[in-house]
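Hello,

Here is the structure I said I would pass on. My notes on the sheet and the aromatic residues follow below.

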Amino acid sequence: MKRVLTVQDLSCIGRCSLTVALPILSAMGLETAVLPTAVLSTHTQFQNFTFRDLTDDLNGILAHWEKENFDFDAVYTGYLGSVRQIDIVLSMFETYGKRGSVCIADPVMGDAGKLYPGFDLAFVKRMAQVCAHADIILPNMTEASFMLGMDYRSEGYDETYIRDILKRLCDLGAKTAVLTGVSFHPSELGVMAYDSEKDTFYTYFNEKLPVSYHGTGDCFASCFTGALIRGEGLQEAMKLSADFICECLKLTIADPARRTYGVNFEEALPLVMPKL
Ligand code: PXL
């Protein structure tokens, strides 16, 4: 069985980061190891959340793993809790990358044109370094714009504009950039990617649903990572993850007891499970 290590926070309530990555990757048939970057009472979109920074614990955990000779098919990073964690992730990419892990970075920092609480432009610069050393990066439009120092545009752009962003993202250093939240038409939402080694663009669109929920980026990144490590190609991984998110949104809309946070990814899991 393939093994993925995911590095992100544990938000106790909120259906994001580890509470979605673990179940999704497990359901996809992958052994999932975790390196928790912080423990929060909720994700940062709630008021008055508690935040326990786990930076000081990370090197001890990694040193123990080193003694045990653990290896991973992929190292997938998400929300990082401090600037010091960036250095730790860079060193992990170096170490595990050399041993054959695929290094995947979701530069979780913001959405809808704004950075999440606690992040500033200095953090953005450091996160761009993480992206420079990853094999594959998965920013949304907000994160891409911040890392490239471009104005955030939510609409009114064309494919040339997105292709330019994707090329610039790969110029940071990553081999492949996958950009989420792309929309050329009010009724469509999708994802575009660029593989710089093959000099090839990939596109996948779905219907745009009139809702927006937290945690969809984390669900997408987890599913995408799972698909890729399971052996699917870039186009298939994009399609499965976008279809999965669409299903999560539909199930959330249909749920009369839906929460104001996260999506109903649980009932969409059969879509991503290995076929019997
Ligand atoms: O879903 C991204 C995310 C992950 N982790 C934490 C967050 C957020 C988004 O707000 O606050 C702690």
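A residue counts as buried when its relative accessible area is under 20%. By that cut-off, Tyr-79 and Phe-119 are both buried in this predicted model. Their rings form a tilted aromatic pair, with 5.4 Å from centre to centre and 50° between the planes. The pair links distant parts of the chain, since the two residues are 40 apart. Tyr-79 sits in the loop between β4 (74–77) and α3 (83–98), and Phe-119 in the loop between β7 (114–115) and α4 (121–132).

The structure holds 10 aromatic pairs. Ring pairs also join Tyr-157, Tyr-161, Phe-184 and Phe-205 into a cluster. Tyr-161 has a charged neighbour as well: Arg-153 lies over the face of its ring, 4.4 Å from the ring centre. Arg-163 is placed over the face of Phe-201, at 4.2 Å from the ring centre.

Now the sheet. It is open, with 9 strands in the order β3-β2-β1-β4-β5-β8-β9-β10-β11 and mixed pairing. β3 (51–53) and β11 (200–207) stand at the edges; each has a single partner strand, so one side of each has no neighbour in the sheet. Helix α2 (residues 55–68) packs on the sheet and touches β1 (3–13), β2 and β3. The direction of α2 makes about 165° with that of β2.

β2 (residues 31–42) and β3 run antiparallel and are joined by 3 bridges.

Regards

Methods:
Residues are numbered from 1 along each chain as its sequence is written. This is a predicted model: local features need pLDDT of at least 70, side-chain atom pairs count only at pLDDT 80 or more; totals for chains, interfaces and linings use all residues. Side-chain values use heavy atoms; hydrogens and water are left out. Two strands pair if DSSP finds at least two bridges between them. Helices (H or I, at least four residues) and strands (E, at least two) are DSSP runs, numbered from the N terminus. Contact means heavy atoms within 4.5 Å. Axes are lines fitted to C-alpha atoms, for helices over the stretch in contact, and angles run from 0 to 180 degrees between N-to-C directions. Rings of Phe, Tyr and Trp (its six-membered ring) pair if their centres lie within 6.5 Å; planes under 30 degrees apart count as stacked, over 60 as edge-to-face and the rest as tilted. Buried means under 20% relative accessible area, exposed over 50%, partly exposed in between (1.4 Å probe, protein chains only). A charge sits over a ring if NZ of Lys or CZ of Arg is within 6 Å of the ring centre and within 35 degrees of the ring normal.
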